[in-house]
Amino acid sequence: MTSTSNSKGIVEDDDEEEEFQHFDDFTVASSWERFISEIEAVCRQWLSDGTKNLLVKDALRMDSFKDLYKVKSEFKYAMKSYCMEYYFAISKVAEWDHTLHDLQLSFGVKEFVVIAPQSASGVVLDAPEASKLLSAVAIALSNCSCLWPAFVPVHDPSRKAYIGIQNMGTVFTRRFEADRIGSQVPIKLMHLEGLYELFVSKFAYTTVDWSMHHFEVHFKMKLTYRTPVYDDEDEFQEPEADITGSSENLESGIHGKSQWDDDSPWSKWYSAEDPVKGFELLAIWAEITAESSLDMAELENASPLEAEKWLLYPCLSSNLVGICDGITIGFASQLRLLIKAFEMSSEAKFIEDFVSGSENLNSSAVVPPPTVLDRVLKDLFHEVTEAQADFSQVEHESSRSIKGAQPESLFAQFCLHALWFGNCSMRAIAVLWIEFVREVRWCWEESQSLPRMPANGTIDLSTCLINQKLHMLAVCIDKKRREAEGQNLGTSDSVSTQVLVNLQTPMNFSASHELSKGFGRKNERNGSAGVAESMMLLKSRKTMHFPMTQDPPPMTEDMHEERLKAAEALGDSFSFSAQLEKDILASDMSAFKAANQDAVFEDFIRWHSPRDWENDDSHEIGVSQTNPMEEVSEVKWPPRGRLSERMSGNGNSWRKIWNEAPPLPVSEQKPLLDPNREGEKVLHYLETLKPQQLLEQMVCTAFRAAADTLNQTPVGQLKQITTKTRQLYATMASMLKYLQSHNMTSDSDVIDDLKRLCSTFEHIEKLILLAASLHRKFVQSPHLGEAIFSDCYDYYLPNMGTGSGLGNNNTKKEFDKKQRVSSRDRNVIVGMFTPPTANQSWRKVLSMGNLLNGHEPILREIVFSKHDRVSESYYASTNPKLSRQDIETYRMYVCGTSNDLRVALAVTSFD
């Protein structure tokens, strides 16, 4: 019996549990109530998580909006699917921020909920359905004690219409409504007076004459102006055009418009797109109170100069924000093509193979017509001014660290032309090089000066070998022509540097003559360039004369290497210098003997190499410079001294050359430089140069010349450009030094480095173009241009050198930094808004006020608001704190132009 009763008790308990588990909640009996419950559950979850946890979980950042995130959840109700999205911002919502969401800007909310059907349109077209959907969300949010505003998109998607509601506690409810007129805006609503009356009509009686009554309304206004852009049909006039100019100038003015970079250093090679397309000016009025429509009409006629705040925003080109791989034309894009040609250069042994070789080498490239080739050669060899031959003015201080050529030199100009010749293909380069060498040979055979190359001076060994060879050829052509004209090439117009070191103030002729007579009979001299003051010959005690000597022959890098190898082969370390400079030394010794008949080897050493003469006395000479004849008798002769150990050794090569050198003045000596032989050697080098060797030197020279060209751009006092340019030269020097080493271990690694260098070069080039554009536009206010550039630089800097543009980043962010314009700079900005021409005036009908130099705003945004005291409410008596506060009972946001108007209204009621 006991067991039976126990079992009955257990069964009864199970029945009670089963009955409890199947308890029906009649508050969610209908599908409508279940729908509200599901929304409530999701909202409670979002509230409990908070924004920080939502960011960690599944919140998505809105790419087109600033610091705006969203989470979403999907529901089903009445055979339809809906999506509810919760938008929230993690930072404070700024006023008049164009990156805000439409609902944030229209209603001034920071966070909000949007529920919409999952359909193609994404809007609710049925009004009852929209009201029911909004009510469901409002009930769910109220159950959660949540104060988020909720919105439902309605009507046609192009209208961007919304209805919304917000529970603001137990007292207030806020309702929202937004709509848009896409065309045929009523004339009344184009003006501030009509918009004011539209707002007043929302709370005033309809029978009231608004023009006769005063309603205190607060409003804020922002006007956006954009600098005019001239199209092809607009009239274009130069500000200082000469009307009485020649017919040729008139034709050029008619057929072509002036470009923004016509006088820029790169304009010879390409016309760059202006990185600054224009400017947007924001004129902002804050916290204005209007009491009648007449106040609004007066404000509409006011000048934008009266606005409290001006903000300037540059409209940047889309090509500024990333690597475009050939879309943007500039030095960097052509250098990429040159790198491709360098890759292909190793496929043939001779330049001619790319012109007339196999189909694989020349079939894919197109060569420009002969007229283009003739124009390039004409620019290189015939249209050269004296200013273009000055290399030092256009070089950067770090330019010489790159083994290329000076930007205005012949080979550098050839490389720059090659970048734009036939799309810089290997075949086009081969055609241009062959014709270039033919033109160089013509200059040699006709004894015509080689343009863009100096005909004298020392060859710069820091440049590439081709540039050194062309310099050598220019010297040979000059000497060859002067020999043909009968001039003496053996004498030097100037005294050698070693002689000038030993000279003091020149002694007058009478003093030297008396000294000669005092020490012995004056012999006949040949090739004397003057008296070496305070120096006398050891044996004859005659005054020493320094001779006229031949200039050292110019030598290229490969000639130095050959002479070094020859000297090393001799194996005499002590006579290394003598062997290397034997010809020059023998010439100097012969000239010294001719100028000083009684000279000995020690005299030559004292003049030519003072370091190798060791004095025992502190003063070798006792002749006074003021009155040399008074102290001649006091001269201690011969001076106490001796040759250095290097010169006094047995078998010294210098003494051997001295003994063999005949006394000949330079006029009778054999020239140290044979122009015919050296000139032909240079031409042989140019005609037999291998393609890869040519391209190696072209790459180095093209990078250097392009950088030097951009470095001439006037950009004002921008430290960022100076720093980045210096870094660019350092990067080029480190990457390009491997090209001409002739022992590259991995060609693919070098090519990859060169491609990365092109990307870095493109970034710097874009920055320089941006700086040049801003510098031109803000000549009268350079500090404003520098501030705008700094903002753009900070925006652009994170992507420099990465080889990828902003468009490839996961978090795409537009440039949105605005620069505040002070009162003193406003006239400069006004000057950018040139008055419209007659051609523009008849095409455009002005329908809005607040004109700036004849230009109406492209966008007008106004926020009307009306505040009421809470004490007027029935509910205020229970809350004394609220009774002392004002609340915004009406708010209307208006945005648009004469052809587009968007209105958003928010009304707070005491429900």
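**Close-up views of a predicted model**

**View 1. Overall make-up of the chain.** Of the 911 residues of the chain in this predicted model, 48% count as buried, and the secondary structure of the chain comprises 29 helices and 18 strands. The accessible surface of the chain amounts to about 47,500 Å², and carbon and sulfur atoms account for 50% of that area. When contacts between residues at least 6 apart in sequence are considered, 73% of them join residues at least 24 apart.

**View 2. Helix α12 and its surroundings.** Helix α12 (residues 410-420) has 10 of its 11 residues buried, so this helix is largely enclosed by the rest of the structure. The buried residues of α12 are Leu410, Phe411, Ala412, Gln413, Phe414, Cys415, Leu416, His417, Ala418 and Leu419. These buried residues pack against α8 (331-344), α11 (370-381), α13 (426-445), α14 (465-484) and α24 (691-711). Following α12 comes Gly422, which has a positive phi, near 60°.

**View 3. Packing of helix α25 with helix α27.** Two packed helices are described by the angle between their axes together with the distance between the axes.

**View 4. Residues at the contact of α25 with α27.** On the α25 side, Gln720, Ile721 and Lys724 meet Phe789, Ser790 and Tyr793 of α27. Sorted by class, this contact of α25 with α27 comprises three nonpolar, two polar and one charged residues.

Methods:
Residues are numbered from 1 along each chain as its sequence is written. This is a predicted model: local features need pLDDT of at least 70, side-chain atom pairs count only at pLDDT 80 or more; totals for chains, interfaces and linings use all residues. Side-chain values use heavy atoms; hydrogens and water are left out. Contact means heavy atoms within 4.5 Å. Helices (H or I, at least four residues) and strands (E, at least two) are DSSP runs, numbered from the N terminus. Ala, Val, Leu, Ile, Met, Phe, Trp, Tyr, Cys and Pro count as nonpolar, Asp, Glu, Lys and Arg as charged, and the others, Gly among them, as polar. Buried means under 20% relative accessible area, exposed over 50%, partly exposed in between (1.4 Å probe, protein chains only). Accessible areas come from the Shrake-Rupley method with a 1.4 Å probe; for residues, only the protein chains shown count as cover.
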